[in-house]
Amino acid sequence: MLKIGLKPVFRVRANDQDITRALQDNLISLNLTDEAGTKSDTLTLTLSDTAPGYQLPKSGAKLELWLGYDDQAKNMGVFIVSDIELSGPPSQMTIKATAAPLSYNSQSFGQLQTQKTRSWDHVSLGDMVRTIAKEQGLKPEVAERFSTINIPHIDQTSESDINLLSRMAKDHDALVKPVAGRLLFTDKSKGKTAGGKSLPVINLVPGDIGTWKVSMTDRSKYASVTTRWQDVNTGEEKTVTAGEGNPTLKITHPYPDRQAADAAAKSRYQSLQRGASRLSITCPGSPELFAEGGLSLKGFRSGVDGEWIMTRVTHTLDGNGYSSRVEGESR
């Protein structure tokens, strides 16, 4: 349930020192955008910067945010200051920070974006993720089904680790995201953690929402997906198709057996078909709303009622109070 009528609060620690009181009287707005997938979550603080003004924060400073109501603020993550903007009149300071994908003290910060050239042979998708996680000093969290998917061969040519994993995630309808010292590789839009635990689903009725909009579009231009696999008994290359008709999306790299090829075709087909309906809502702020979490809408109308996956959540705290904007797609 969304909390309505309670006093919104926030708390910020900068390099482990509480600076909330220094910010409270001069906060113009706080915006936190939580993104699905590899896009970095972002935090923007806009402050009144009247004389003598704030001490300029250093790029690379660590900010930790709590957001919520009364004395029940929720930890929303750790962010690293990336940009500082001064403007006027009136004098303002805008601090922009991005979510720390690695542990803050890690020497490998940012190396997920470093281009590499190497080949992967006869490795499971799960082991690929675990290897990259270990190289970056991250804790891997991999959904069980990816541990059984074998990759006979794939080249990583002048390509970053995160781009390679994003390619694999696209082929297998997965979500990959580095966050808070972990490297997640889990089923997309299944409402479960990498360990298989169900994520909480937020139930909303019309009275919980300020405004809502649903856009319905055509399904994917692809009517089917084809994968290929090598029959070790006959040496023959065979294909598996999910969906029916043309045009067909062909996944180029081979799979070790029919089961893996079939699973990949179905996953990619489901990914292409999902999201025919897009949801946008505004509502009283709730820190319980987060990207990749589930929504259940009831009491609206057909086409709106049902299960949704949040793809982006923006939390805003300003002179008008605390509000959340949610973008999502049909599950």
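This is a predicted model: local features need pLDDT of at least 70, side-chain atom pairs count only at pLDDT 80 or more; totals for chains, interfaces and linings use all residues.
The strands involved are β18 and β21, which pair in the antiparallel sense over 7 bridges. Strand β18 covers residues 277-284 and also pairs with β14, again in the antiparallel sense, over 6 bridges.

Strands of a sheet pair through backbone hydrogen bonds, either parallel or antiparallel.

## An open sheet and a helix

Another part of the structure is an open sheet of 3 strands, in the order β16-β15-β17, with mixed pairing. Its edge strands are β16 (237-243) and β17 (248-250), each of which pairs on one side only. From one strand to the next, the twist averages 30°.

Strand β15 (residues 224-230) is joined to β16 by 7 bridges, and the two run antiparallel. Within this pairing, T227 stands opposite V240 in β16. Helix α4, made of residues 258-273, lies across β15, β16 and β17. The helix runs at about 160° to β15.

## Aromatic pairs

How many aromatic pairs does a search of the whole structure find? There are 3, and one of them is formed by Y69 and Y322. Their ring centres are 5.5 Å apart and their planes are at 35°, so the pair is tilted. Y69 belongs to strand β5 (residues 62-69) and Y322 to strand β21 (residues 321-330), so this pair ties together parts that are 253 residues apart in sequence. Both Y69 and Y322 are buried.

W212 and F300 form another pair, with ring centres 5.7 Å apart. Their planes are at 80°, so the pair is edge-to-face. W212 lies in strand β14 (residues 211-216), while F300 lies in the loop between β19 (294-297) and β20 (306-318), so parts that are 88 residues apart in sequence are tied together. Are these two residues buried or partly exposed? W212 has 41% relative accessibility and counts as partly exposed, because that value falls between the cut-offs of 20% and 50%. F300 has a relative accessible area of 17% and is buried, because buried means under 20%.

## A charge over a ring

Which residue lies over the face of W66? The residue is R11, at 3.9 Å from the ring centre.

Key. Residues are numbered from 1 along each chain as its sequence is written. Side-chain values use heavy atoms; hydrogens and water are left out. Rings of Phe, Tyr and Trp (its six-membered ring) pair if their centres lie within 6.5 Å; planes under 30 degrees apart count as stacked, over 60 as edge-to-face and the rest as tilted. Helices (H or I, at least four residues) and strands (E, at least two) are DSSP runs, numbered from the N terminus. Buried means under 20% relative accessible area, exposed over 50%, partly exposed in between (1.4 Å probe, protein chains only). A charge sits over a ring if NZ of Lys or CZ of Arg is within 6 Å of the ring centre and within 35 degrees of the ring normal. Two strands pair if DSSP finds at least two bridges between them. Axes are lines fitted to C-alpha atoms, for helices over the stretch in contact, and angles run from 0 to 180 degrees between N-to-C directions. Contact means heavy atoms within 4.5 Å.
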